[in-house]
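Reader: I am new to reading protein models. Could you take me through one, feature by feature?

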Amino acid sequence: MKNISILSLLAVFVLATSFTFIQPKPWPVPDKNAKIPNPIKADAASVSAGKTLWVQHCSSCHGKTGAGDGSKAAQLKTQPEDFKKPVVQGQSDGSLFYKIAEGRDDMPAFKKKIPDQEDIWNLVNFIRSLKK
Ligand code: HEC
């Protein structure tokens, strides 16, 4: 009996660790953040402001066009998704804002480095422009 419970604990452990390492880790965004609408119109000025920030802070990992092929990309433990794809484009503006502000693992949190929320919304608008 004792052996069985140790075995099942072991099985749970092995499953949990392989899930963590093999599966791409889902990145849940709290509902209230995901639903925040983008207050900044995605006009040429906003996209261009976002692009300037992108080149300064983001392209070293995410690449110029968001493909995930920046100069630092090879050193990352987690590979960023291609930002042109629906996995990223399908997320709400509020979700992208949250991920940029809060970060996770290799993705730095930018809420201190880019303290003006408007700038983060400009980045979201720039990311949307990568779709085409
Ligand atoms: C040091 C490398 C690095 C830099 C610099 C960086 N990122 Fe990331 N980013 C990552 C990695 C790695 C992930 C994937 C993280 C994960 O899934 O745990 C990621 C994920 C993201 C995501 C979530 C994408 C998804 O699949 O849901 C967004 C949005 C994002 N980054 C935007 C930005 C923006 C905007 C900047 C610049 C302000 C930036 N990143 C700078 C490495 C970086």
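This is a predicted model: local features need pLDDT of at least 70, side-chain atom pairs count only at pLDDT 80 or more; totals for chains, interfaces and linings use all residues.

Reader: How many helices and strands does the protein chain have?

Author: Helices (H or I, at least four residues) and strands (E, at least two) are DSSP runs, numbered from the N terminus. Here the protein chain has seven helices and zero strands. Its pattern along the sequence is α-α-α-α-α-α-α.

Reader: What share of the protein chain is buried?

Author: Buried means under 20% relative accessible area, exposed over 50%, and partly exposed in between (1.4 Å probe, protein chains only). Of the 132 residues, 33% count as buried.

Reader: Which protein atoms hold the iron atom of the ligand?

Author: Look for donors: N, O and S atoms within 2.8 Å of the metal (3.2 Å for Na, K and Ca); water is not among the atoms, so sites may look incomplete. The protein donors here are His62 (NE2) and Met107 (SD), 1.9 to 2.1 Å from the iron. His62 lies in helix 4 (residues 59-62) and Met107 in the loop between helix 6 (93-102) and helix 7 (117-129), so the pair ties together parts 45 residues apart in sequence.

Reader: What is the geometry of the iron site?

Author: Ideal angles are 109.5 degrees for four tetrahedral donors, and 90 or 180 degrees for six octahedral ones. Six donors count as octahedral if opposite donors are over 155 degrees apart and all others between 65 and 115. The iron site has six donor atoms with angles of 87 to 179°, and it is octahedral.

Reader: Is His62 buried or exposed?

Author: His62 is buried, at 11% relative accessibility. Contact means heavy atoms within 4.5 Å. Beyond its neighbours within four places in sequence, His62 touches residues including Trp54, Pro80, Phe83 and Met107.

Reader: How do helix 3 and helix 7 cross?

Author: Two packed helices are described by the angle between their axes and the distance between the axes. Axes are lines fitted to C-alpha atoms, for helices over the stretch in contact, and angles run from 0 to 180 degrees between N-to-C directions. The axes of helix 3 (residues 44-57) and helix 7 come within 7 Å and cross at roughly 95°. Helix 3 and helix 7 are therefore roughly perpendicular, a label for angles of 65 to 115 degrees. Among the residues that meet are Leu53 and Trp54 in helix 3, and Leu123 and Phe126 in helix 7.

Reader: Why is helix 6 called largely enclosed?

Author: Count its buried residues. Nine of the ten in helix 6 are buried, so the rest of the structure largely encloses it. The cover includes helix 2 (31-34), helix 5 (86-89) and helix 7. Take Ile100, found in helix 6. Ile100 is buried, at 10% relative accessibility. Beyond its neighbours within four places in sequence, its contacts include Met107, Phe110 and Leu123.

Reader: What is the phi of Asp105?

Author: Most residues other than glycine have a negative phi. Asp105 is not a glycine, yet its phi is positive, about 45°. Asp105 sits in the loop between helix 6 and helix 7. Asp105 is exposed, at 56% relative accessibility. Gly103, which follows helix 6, also has a positive phi, near 65°.

Note on methods
Residues are numbered from 1 along each chain as its sequence is written. Side-chain values use heavy atoms; hydrogens and water are left out. Four donors count as tetrahedral if all angles lie between 85 and 135 degrees; four count as square planar and six as octahedral if opposite donors are over 155 degrees apart and all others between 65 and 115; anything else is irregular. Angles under 35 degrees count as roughly parallel, over 145 as roughly antiparallel, 65 to 115 as roughly perpendicular and the rest as oblique.
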